Each structure stands twice: as structure tokens, then as C-alpha cells.
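Subject: Structure handover

Hello,

Please find the structure below, followed by notes on what was found in it.

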Amino acid sequence: MRRLLLAGAVLLSGCGLIPTPRVDVDNTSLRLPGSAPLSGKVVYLETDALAGNRVPAALQQITIRGQATYRTAGLGTLRSAGLYVRSTLTALPATCTVSPATPTAPRMVVCDAAGEASQFIGTLELRAGQGQPFSLGGAALDTAAKAGHGYFGMAFSAGQSVWTDSLDLTGMTASARL
């Protein structure tokens, strides 16, 4: 009987069916650029949102859940953004360019959205000043979490942000499957 249970556990773990306990992920705040000139682009910010949050290589199907709060002084209207992740902002494809920091925008990497599909991890639905639940997942998140580094990128899909806006990702927990 013990062998049968052990064999069943091994079989289920090979299928990615055994969930692991949730672990906390540090809160992060992203200073947003003005999104008006960034239509059709994915903008990666130089904030390593997953710094030091490495998961073992055996884990897969990583999911991060939390609250997203869009903060604006009143001029921004951002309501929805696709979220992307890269484990590094070096060795980028030719469809990406580095935009240096200015007094009104942080340093960022701007990529054509068409070339970033494999980095997509979810969509954030936003309301100014109100925390909105989110759930992120996908192969790019697995890669970033295993590397212990995750630079979030956004494709602004509804409304616009202005350069004084920010996005707070709080109460984040990560879970995975073995």
C-alpha cells in the first residue's frame, strides 16, 4: 500500500498536480511613464520586482496573486494594462530599445508588443486609488522566478498614464506546482 501511495505521489508530481504552499513576495511600486506615445509597445521598467525571490528549478506553473493600485494625481486615466516579465534587461532582441531616464520618465526598455507575446503573464484591470486583485502566470514568470529576477513590462491598453503616476503591487503571494 505504501509503495502504491508513493508511486501515485511521484506520478502526480510529474504531472505538475501537487500545489506548494504560498510564499510572500515583496511589494513593489513602479513609477509609470506617460503612456500616450507608447501605443503598440511594451515598456519594461528598471525595477527588479522579484529580486531575491528565487524558486527551486523543480517547481513549475508559478502564479503570483495580489492587489494592483493605480495612483494618479488626477490627470491619469489608466484602466487596463497587459503585464509582461523578463528575467534580465540585457541581451535584448533588436525590436527593443533603451530609453534613458529624463526628468519626467524613468529609464526604461521599450519593445514592440508584437515581439513580446512570449513574455506576457496577465492583464491588470485598474481603478485609480483602489486596489484591484490580479493573478499572473505563464512560462516567462516561471523563468523569471527561477532566475530570482523579474522586470515587469506593461502594454497600456485602456486609458493613459501620465509621468507622475505609479502602480503599486502589494499583498503578493506566489504559489507553484511540483
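Six strands form an open sheet in the order β6-β7-β3-β10-β5-β8, with antiparallel pairing. Strands here are DSSP runs of E with at least two residues, helices are runs of H or I with at least four residues, and both are numbered from the N terminus. Two strands pair if DSSP finds at least two bridges between them. The edges of the sheet are β6 and β8; each has a single partner strand, so one side of each is left without a neighbour in the sheet. From one strand to the next the twist averages 30°, where axes are lines fitted to C-alpha atoms, for helices over the stretch in contact, and angles run from 0 to 180 degrees between N-to-C directions.

This is a predicted model: local features need pLDDT of at least 70, side-chain atom pairs count only at pLDDT 80 or more, and totals for chains, interfaces and linings use all residues. Residues are numbered from 1 along each chain as its sequence is written, and side-chain values use heavy atoms, with hydrogens and water left out.

Leucine 83 has glycine 122 in β8 as its bridge partner.

Rings of Phe, Tyr and Trp (its six-membered ring) pair if their centres lie within 6.5 Å; planes under 30 degrees apart count as stacked, over 60 as edge-to-face and the rest as tilted. The count by this rule is one aromatic pair. The ring centres of tyrosine 84 and phenylalanine 120 are 5.3 Å apart and the planes are at 70°, so the pair is edge-to-face. Because tyrosine 84 lies in β5 (residues 80-86) and phenylalanine 120 in β8 (residues 120-125), the pair ties together parts that are 36 residues apart in sequence. Buried means under 20% relative accessible area, exposed over 50%, and partly exposed in between (1.4 Å probe, protein chains only). Tyrosine 84 counts as buried at 10% relative accessibility, whereas phenylalanine 120 is partly exposed at 36%.

The torsion about the S-S bond of cysteine 96 and cysteine 111 is about 110°, so the disulfide is right-handed. The pair links distant parts of the chain, with cysteine 96 in β6 (residues 96-99) and cysteine 111 in β7 (residues 108-112), 15 residues apart. Cysteine 96 and cysteine 111 are both buried.

Strand β4 (residues 60-71) runs antiparallel to β11 (residues 166-177) over nine bridges, and threonine 63 has serine 175 in β11 as its bridge partner. β4 is also joined to β9 (residues 132-137) by six antiparallel bridges, with glycine 66 opposite phenylalanine 134 in β9.

For the chain as a whole, there are two helices and 11 strands, in the order α-β-β-β-β-β-β-β-β-β-α-β-β from the N terminus. The C-alpha trace spans about 65 × 35 × 25 Å along its principal axes. Of the 178 residues, 42% count as buried. Taking contacts as heavy atoms within 4.5 Å, residues 24 or more positions apart account for 85% of the contacts with a separation of 6 or more.

Regards

Key
A disulfide is a pair of cysteine sulfur atoms within 2.5 Å.
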